[in-house]
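Subject: Structure handover

Hello,

Please find the structure below, followed by notes on what turned up in it.

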Amino acid sequence: RRREVEIKHGRVSMLATMGYITPEITGKFPGFLSPLNNLKFEDVPNGLAALKVVPSGGWAQILAYCFLCELEGFDPKDREPGNLGFRPPFLYTEDPALRSRRLAAELANGRLAMMAIIGMFFQDGLTGSAWGDWANYTDSPLRAFENELGVQAPVGFFDPLNLSSDGNVEEFKRRREVEIKHGRISMLATMGYITPEVTGKLPGYLNPSDPSSAFENIPNGLGAISKVSIGGWVQIIAYMAFCEASGRNSRGDAPGDFGWKPPLLATNDPATKSRRLNAELANGRLAMMAIIGMFFQDGLTGSAWGDWANYTESPLRAFENELGVQAPVGFWDPLGLAADGDVENFTRRRETEIKHGRISMLATMGYITPELTGKLPGMLSPSKGISFSEIPNGLGAISKVPSLGWGQIVAYCAFCEVNGMNNRGDAAGDFGWKLLTSADPEEKNKKLSAEIANGRLAMMAIIGMF
């Protein structure tokens, strides 16, 4: 039933899509759609706007034709979905393979047409044109801001949270003011991080009354906060208050305009001014991202440049040299399971990983080997008359193994578990079995890393096989 519905919707959508496209390419019919109403075909707009132009007599004809198609296609007898007995020339064929390919093409084209016609309806509803010309969408609240500063390639007007969707100009200007202010502060802060590292620090003292407060003794970045004296903080806050109060009395019409005309940057040329203001916005956005990154790196490592070697307190440092830390991802813990630095928990999870990997390697080989080498000769269960050759490969074998066989499997699993409890070594997964090991530490480490990597691959492989 669902396939019947899919085919029907696909066919209607293909006709509707062509109905949108054809008049744009070939033009409209000559003559009259309704001689009685003096309505010509060329007077009927393309798309959704045609709905209100078609006269009531035309709608009656459309509905009558739809009813005829439904009645003609109605057949209570069992039939192939979508097969209404229509055999279009150049498309119908008696060749089964070719027929199957053409029916599959019809389904695919119908699915594409359903997506296409929905897109055309949406574009038409917004813009009045099936081709969605943005210039026609004059009612969009975003049109008020699409030519504002900051609308830059490649994203254009970027408002993923639809903050400007209400078209409120006052709110837009307030947010733009905030953006510019944060950008300017971030540019100063970013340069404040970078400049001392490149040019060195100022000579002299931050606080002349304190001999230990030489500028060269003040650390770069967040560490400087604890070194500034109370008098210094008072000066910083007083300067900020002066900037805020001064800005209130010298505000221009444009957001961020305080009447300051910096030499080499201010200009009376409108095009150059617009370009420079756009550059300020773009640089401010970049600086906001940069300073947040610097704060994060500084907080973790004590350095704005985020040297990982300095982050000795990271709980992950306990595990970064463990087995399984391999290129290209290195220490990979996307869920942060090892973030607490608990060695016991890490060892337990590594034990579980190795165990699952070993079982998965055996299971994967159990799937593959019978397909390549054939099955064992003889009987799986002489008492039941079941030979190995009768056991299907894969999950189908579960229902063929007799209860006594399952008893042997469970007993062997229990033996392995109990035996492992009494032969556990210090390392995760070490049960004292020396088959592939090596006395050379480097070679041993390489083989154990290979086991973990192969186990991870096998876990993915067996899930796919299941």
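**Cysteines**

The sulfur of C69 lies 6.5 Å from the closest cysteine sulfur, that of C66, which is too far for a bond. C416 is in no disulfide either, as the nearest cysteine sulfur, in C413, is 6.6 Å away. A disulfide is taken here as a pair of cysteine sulfur atoms within 2.5 Å, and by this rule the count is zero. C69 counts as partly exposed because its relative accessibility is 37%, and C416 counts as partly exposed at 37%. On this scale, buried means under 20% relative accessible area, exposed means over 50%, and partly exposed is in between (1.4 Å probe, protein chains only).

**Basis**

This is a predicted model, in which local features need pLDDT of at least 70 and side-chain atom pairs count only at pLDDT 80 or more, while totals for chains, interfaces and linings use all residues. Residues are numbered from 1 along each chain as its sequence is written, and side-chain values use heavy atoms, with hydrogens and water left out.

**Helix α6**

Helices (H or I, at least four residues) and strands (E, at least two) are DSSP runs, numbered from the N terminus. Helix α6 covers residues 270–301, 32 residues in all. From first C-alpha to last it reaches 46 Å, close to the 46 Å expected at 1.5 Å a residue; the expected span is 1.5 Å times one less than the number of residues. Buried residues in α6 include L281, G284, A287, I291 and M294. An α-helix has 3.6 residues a turn, so residues three or four places apart point the same way. The buried residues of α6 pack against α4 (169–199), with contact meaning heavy atoms within 4.5 Å. Just after α6, G302 takes a positive phi of about 80°.

**Nonpolar patch**

L222, I225, W233, I236, I237, M240, I292 and F295 form a nonpolar patch on the surface, with about 740 Å² of accessible area together (Shrake-Rupley method, 1.4 Å probe; for residues, only the protein chains shown count as cover). Patch residues have over 30% relative accessible area and no salt bridge, and nonpolar side chains (Val, Leu, Ile, Met, Phe, Trp, Tyr) are joined within 5 Å, like charges within 9 Å. A salt bridge is a side-chain nitrogen of Lys or Arg within 4 Å of a carboxyl oxygen of Asp or Glu. The largest share of the patch, four residues, comes from α5. I237 is found in α5 and counts as exposed at 53% relative accessibility.

Regards
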